[in-house]
Amino acid sequence: MGDLTILALNINGMADLKIYRMLKMAKECRVNVIMLSETHKKRGRDKLIKDKTWNRIYESRGTGNSQGVAILINENVPFQELDVQRDREGRTVFVKGKINQVKITLAVIYAPNRNTKQYILNTKKKLDNYAEGTLIWAGDFNLDLTKKNKKAINVNKLNMVDAHANQSIRDTFYSARHNKFSCIDYILLNKASKAQIKKVERKPIFLLDHSPLIATLGLSNEISQRIWRYNSVVTEKDEYKLKLQEEIKEYYRINDNGELSKTVVWDSFKSVLRGQCFSIESYIRKSWREKREKCIKEIESIQEQLRITRRRNINSILRQKKKELELMDEVQWNKMRQSVRQRMNGWGTKSMKQMVRYLKRRKEKSCITKLKDKNGLVKDGRKELEEIMRDFYRELYQKEQVNNEEIKIGNKVNEEDKIMLNDEITQEEVIQVIKGLKQYKAPGIDGYTAEFYKTFMHELVPYMAEMFNEVYMRGIVPETWKLSEIIPVLKPDRQPELPESYRPINLVNQDYKIFMKIIANRLEIILPKIIGEDQYGFVKGRSISEPIRNVVNVICHATKTKRKLSILKLDVYKAFDKVNHEYLYRLCKELNLGNNFCEMIKNVYRENTACIRVNGQRTENIQIENGTKQGCPLSPMLFALVIEPLAYKIRMDETWEGYKIGRKEELRLNLYVDDAIILTQRPREMIKSMKIILREFKKVSGLSVNMEKSEILFINTPPKEQLEIRKESGLKLGIKKMKYLGIWIFKTLDKIIDGNYRMAWKRMLKQMSRWKNKNLRCLG
């Protein structure tokens, strides 16, 4: 069964004529599931309806005449019931089951007229704990969930999707008493649902005073892609760990004979060991499952004996066997709980339910439910979402033509530093980096985690050092390094329907990270010598607080002296993703970074591909012809080098001046990687010159600055002059404040504390108020 059609209706009493009209409409619309509220059925054994077509009925009748909810499932639906939960008041029914092996949870609600908001929130919390798979929550909510003000509760705050959100007419209820239409009936889906909304319909309010809602959903019964990840369970027992250690030694004894390159041997080794890990993991799980099933069968056999004989000694044996099974399950539960607690770093022993809810909410928020294509049309199908993301990133990473002009820079690497940077990689460097790897970081596409490299460090380091040197000294790059996985992460305060609102995080393999971290450790010693003092990002000895302090000090000085000040914040479009690889290679040559380093950069970025993970599914691979990898330890330092020629041109520009404090000290540029602030007392000349510089820099590097999104903040400047500059430049006025490096910068300094610290304090108080009624301890 591919599609599932839902009918949600407030029936307001189960009169015969109403039932007839409802079932007729359900038949005409080919409805599979009916979700009713206000059935008004009293408690008893009489059936809700007598139609055999609807043979599965789950209802709660409650105590009052105005209550009662029910879920009716058609006989044609291959529904396999797993669990049912009813409330005593006749306001909710939850049903959990499977349709063609796809887990689904059906929930119907009839919310009370009083304390409606709190009742809905409490019901949602219960559903978060109860629901599995696709959640379909429908009924009479007695509240308008389409309002978007801060105080109101809406569909988005519930982490749900309204199936009828795009309907032009959304009213579902008419009150004759107040002569008013309102929207209080809904069919909602959880954001993490894989169900596709194919068709929706809002029937006119002709049957009763509520509009019948119909939604046709496409249930996905496709098997999800299996993504392998190293599991530490394979080394829990010494015998398994010893087996893998021997496998590593034996593999290299046979294959590392000089006939194949070190990189080919390494890639093959990862494939072989992955098979061994998978085999051990499967054996452990199978053994545990067989042991548990055997225990259950023994319990069943003992129970049968007890039923026949009723002997007390058999009962004691049964209790002992049940305890054995309980301990067996408890061991697995504790392992899972310990693993999750370690990853979350802060949840306590009494907060597991809270942790599960948090993880579920995080998954739902990261879920992409709909996207706009190139034509501006909203799409929500799984394949359509994958195609939109794939096409967007394919276009983003397309190679752009740049000019091979001379790159002008200030400082170059001296010979001593060049020799150090290009020297052979030692085993000590590999060990140092592996020891510093962070636990529980997401692995790359090969599935090997930092824990794997830490566990087998002594066995792997000699072979890794040889392989790294082959990459660095001979330019032979492992094929597994050329494929990465892109995870789109929604940027704060951005529209989730736009593909450009997502930051592409590259999940690269841990061995690639180890290699790049070794190079980054060497490069960070050199960077302070060749990067200007006004670049504070990822340069050793410099801090993110310094550029913020510079801006605040300048504003303070301008305010006291009543001098003009203009602060321009540049918006670099997709900075890390648009760096031209040819420009990067020529820049490294120009900086005298050495042949090994330059050729490594060229080879590592050559013929790269990536897949995009959309809602847990990987798209087909795309070519990566531009950009540095966000997630690579070396990328921020490379970008600091990439932006340096632009910074050098701005520093050397004599057509305008920065902001002068005293006779000699001048502040004109603040950089934190790609976040640039320019300070001046002569904004007209500065903007005119900057447009030329930025245009020339784009031709050389491929990087562009979006002047329309760039902001300018004026201090002690007449409004008329501000508007003239805005018209001439096309810049966005900062009005009274501008955000820089996560801090709100205000024209008047006394507002900085209110605008930053007090806002943060309000968020903290709000979070702590949620903890008041929770049973918390110091340790969790």
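**View 1. Contacts across the whole chain.** Take the contacts in the protein chain with a separation of 6 or more: 69% of them join residues 24 or more positions apart. Here, contact means heavy atoms within 4.5 Å. This is a predicted model, where local features need pLDDT of at least 70 and side-chain atom pairs count only at pLDDT 80 or more, while totals for chains, interfaces and linings use all residues. Residues are numbered from 1 along each chain as its sequence is written, and side-chain values use heavy atoms, with hydrogens and water left out. The secondary structure comes to 19 helices and 30 strands; both are DSSP runs numbered from the N terminus, helices being H or I with at least four residues and strands being E with at least two. Along its principal axes, the C-alpha trace spans about 95 × 80 × 50 Å.

View 2. Of the 780 residues in the protein chain, 48% are buried. (Buried means under 20% relative accessible area, exposed over 50%, and partly exposed in between, with a 1.4 Å probe and protein chains only.) The chain exposes about 41,400 Å², and carbon and sulfur atoms supply 48% of that area. Accessible areas come from the Shrake-Rupley method with a 1.4 Å probe, and for residues only the protein chains shown count as cover.

View 3. Look for K203 in the loop between strand 13 (196-202) and strand 14 (213-218). Is K203 buried or exposed? K203 is buried, with a relative accessible area of 17%. Leaving aside neighbours within four places in sequence, K203 is in contact with M25, C29, S211, P212 and I214. K203 and L213 sit 10 residues apart in sequence, with their C-alpha atoms 6.3 Å apart in space.

**View 4. Two loop residues with positive phi.** N142 isn't a glycine, yet its phi is positive, at about 55 degrees. You'll find N142 in the loop between strand 8 (134-140) and strand 9 (160-162). V673 isn't a glycine either, and it also has a positive phi of about 55 degrees. The loop that holds V673 runs between strand 25 (669-672) and strand 26 (675-680), and V673 is buried at a relative accessible area of 3%.

**View 5. The E466 and K262 pair.** Side chains of opposite charge can pair when their charged atoms come close. E466 and K262 meet through their side chains in a salt bridge, 3.2 Å from N to O. E466 belongs to helix 11 (residues 457-474) and K262 to helix 4 (residues 262-309), so the pair ties together parts that are 204 residues apart in sequence. A salt bridge is a side-chain nitrogen of Lys or Arg within 4 Å of a carboxyl oxygen of Asp or Glu. E466 is partly exposed at 37% relative accessibility, and K262 is partly exposed at 26%.

View 6. How many salt bridges does a search of the whole structure find? The count is 39. One of them joins K399 to E582, with the closest N and O atoms 2.7 Å apart. K399 is in the loop between helix 7 (382-396) and helix 8 (415-421) and E582 is in helix 14 (residues 581-590), so this pair ties together parts 183 residues apart in sequence. K649 also has a partner, E696, with the closest N and O atoms 3.5 Å apart. That pair links K649 in helix 16 (residues 635-652) with E696 in helix 17 (residues 683-701), 47 residues apart. Elsewhere, R390, D391, R394 and E620 are linked in a network of salt bridges.

View 7. W761, M764, L765, M768 and W771 form a nonpolar patch on the surface, with about 500 Å² of accessible area together. One of its members, M768, lies in helix 19 (residues 751-770) and is partly exposed, at 37% relative accessible area. K117, K157, K766 and R770 gather in a surface patch of positive charge. K157 is in the loop between strand 8 and strand 9 and counts as partly exposed at 45% relative accessibility. Patches are made of residues with over 30% relative accessible area and no salt bridge, where like charges are joined within 9 Å and nonpolar side chains (Val, Leu, Ile, Met, Phe, Trp, Tyr) within 5 Å. Lys and Arg count as positive and Asp and Glu as negative, while His and the chain ends are not counted. The place of a charge is taken as NZ of Lys, CZ of Arg, CG of Asp or CD of Glu.
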